[in-house]
Amino acid sequence: MWEFARKDPRKPVFAAKVAVALALITLLVFLREPSDIVGHSVWAILTVVVVFEFSIGATLSKGLNRGLGTLIAGGLALAVAELAAQTGKYDMVILIISTFIVAFCATLTKLHPKMKPYEYGLRVFLLTFCYVTVSGYNTGKLTATAISRFVLIALGAAVSLAINIGIHPIWAGEDLHNLVAKNFSGVAKSLEGCVDGYLSCMEYERVPSKILTYQASDDPLYSGYREAVEASAQEEALLGFAIWEPPHGPYKMMKYPWKNYNKVGGALRHCSFAVMALHGCILSEIQAPPESRRVFRSELHSVGQEGAKVLRELGQRVKTMTKLSSPYILSEVHFAAEELQKKIDEKSYLLVNTERWEVIPRHQGTSQTQDSSNAADKESKDESPEHAAVDIGSVHKSNSFASNPFLSRVDSSNKFLSRYDSGSMVGGSLKPQSSWPARQSFHSSLPFEGGESRTYESASALSLATFASLLIEFVARLQNLVDAFEELSDKANFKDPVEEPAAVSSERCGFIVRIRNFLRL
């Protein structure tokens, strides 16, 4: 509990605030007048326990729901009681029928999706209506019961809200802001880790069971994007509370655009799914050969670095509530992606099985059958015989890594493919990828077949193309994230960026300082 309290000091402070509120409300028990209020003081205590939430927005939401539900239920109960009194001996029938109708309508309304934010208010409404009608019928003090209940609930909600705001306030809007800003760095860290791990040909000897069951794990590649993906429910809950909060701190607008934070978080999750797919390439059973990865090493690394740089820049802008200094924040990562695409175009023969390609000589013209075909026939005859057309289903060069095939973790029964949990590893859960398993065939009981080997070699080459295409897809998704951030910065009136000193002046200062240091030596 001590470590739990030290990790987030706001939680023990919140517990202390609840204790103070309950201690103040308990003073009602020791009062003697008015007797109607003191006799029902338990409702004020119950209100503090139920309404006092961690954030101010949640407290306001529950307090208003509880107060409004109590007020409407009390008024409706008084109307039903007056109607029952007019019927004479059939008053019990009227009360039972009205309770059935009110319970049916309130429960059905509560189940409607649009009424989800007011579910607690409908529960309080139903409880108060039944309590007031039954208690008022037994005691004969229907009006007094309704008024005392409403006053005590209002008193408990007022005390809860006053203490929650007056002592170390905790705002749901601020938590939403910090949550969205924090997830940027986690996704950037996962992106860099996935690219670096893939280029260094690292693999899991055993995929941790927590990753397989999508649980929290200490793996940095996994935990970064997982937090961003799982933040959806938390962001929705915080948004529901933040819209109740009054202007405060840096959020001074009356209708602050809290929904735009969810849009930014959604765009970030859209990018996180691409990072999750990149991590899946490292976890996959079919891996590309190291020599093929080295061909694209520079371009892949550049895209990963620039993409992570953009994520960190946007996260810092969200955290400091600052607009972008330049509209061309994606220029560098787009250039890196274009270079990667050019490299793929140049080395595309490394990503497919080229052994089935064959060269077919172009058909030579034989005779001049028509005057309109003379020019085409002459061009065909003058062309050198070395020129050839490449058929779509054939090849003109051999696979560059066919002589040294590499495919890791195809047969899980092989001793070279043993796995173990990442938690038992010293220094991390990754290891250099092993070579082609030393065996005669993919099936231990069958002889080695060349066609089977070439099939898996082709799949291993395509896995590199998959990783590269996913990385380019991640870059394409960044545009949605930038657009969502710019919309948020405009609606929330983020401050303009501070202009940085010119590069020339900094270079001059650095040069003068170096001269002074040299003269001192």
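Student: What makes the largest pocket a pocket, and how much space lies in it?

Tutor: About 530 Å³ of space lies in it. A pocket is an open set of points on a 1 Å grid over the protein atoms alone, where a 1.4 Å probe fits, with protein on both sides within 12 Å along at least five of seven lines. The volume is the space filled by probe spheres set on the points, joined across faces, edges and corners. This is a predicted model: local features need pLDDT of at least 70 and side-chain atom pairs 80 or more, while totals for chains, interfaces and linings use all residues. Residues are numbered from 1 along each chain as its sequence is written, and side-chain values use heavy atoms, without hydrogens and water.

Student: Which residues of the lining are closest to the centre of the largest pocket?

Tutor: Lys116, Pro117, Glu236, Gly240 and Phe241, out of 18 lining residues. A lining residue has an atom within 4 Å of a point. Helices H5 (56-86), H7 (119-139) and H11 (220-242) are the elements that give two or more residues to the lining of the largest pocket. The largest share, 5 residues, comes from H11. By type, the lining of this pocket holds 9 nonpolar, 3 polar and 6 charged residues.

Student: Why is the largest pocket placed between domain 1 and domain 2?

Tutor: Both domain 1 (1-166) and domain 2 (172-204 + 213-355 + 457-492) give residues to its lining, so the largest pocket lies between them.

Student: Where does the second largest pocket lie, and what lines it?

Tutor: About 400 Å³ of space lies in the second largest pocket. Of its 19 lining residues, Asp175, Leu179, Lys182, Gln234 and Leu238 lie nearest its centre. Helix H2 (10-26), helix H9 (172-199) and H11 are the elements that give two or more residues to its lining. H11 gives the most, with 7 residues. The lining divides into 6 nonpolar, 4 polar and 9 charged residues. Domain 1 and domain 2 both contribute to this lining, so the second largest pocket lies between them.

Student: Which residues touch the most other members of the largest nonpolar core?

Tutor: Tyr261, Leu311 and Leu481, in a core of 71 residues. H9, H11, H12 (258-283), H14 (297-320), H15 (331-346) and H17 (450-491) each supply at least two residues of this core. H9 gives the most, with 13 residues. Membership takes a buried nonpolar residue joined to others through side-chain atoms within 4.5 Å.

Student: Which residues does Leu481 touch, not counting those up to four places away in sequence?

Tutor: Phe184, Val264, Ala267, Leu268, Cys271, Leu311 and Leu314. Apart from this core lies another, of 12 residues, among them Ala21, Leu28, Phe52 and Leu152.

Student: Why is Met321 called buried?

Tutor: Its relative accessible area is 14%. Buried means under 20%, exposed over 50%, partly exposed in between (1.4 Å probe, protein chains only). Therefore Met321 is buried. Met321 is found in the loop between H14 and H15. Its phi is positive, about 55°, although Met321 is not a glycine.

Student: What makes Asn493 exposed?

Tutor: Its relative accessibility is 56%, so Asn493 counts as exposed. Asn493 is found in the loop between H17 and helix H18 (503-520). Its phi, near 55°, is a positive value in a residue other than glycine.

Student: Why is Val151 called partly exposed?

Tutor: At a relative accessible area of 39%, Val151 falls in the in-between class, so it is partly exposed. Val151 lies in helix H8 (residues 142-166). Val151 and Gly67 are 84 residues apart in sequence and 9.4 Å apart in space, C-alpha to C-alpha.

Definitions and conventions. Helix = DSSP H or I, 4+ residues; strand = E, 2+ residues; numbered from the N terminus. Nonpolar A, V, L, I, M, F, W, Y, C, P; charged D, E, K, R; others polar. Domains from an automatic or database assignment. Contact = heavy atoms within 4.5 Å.
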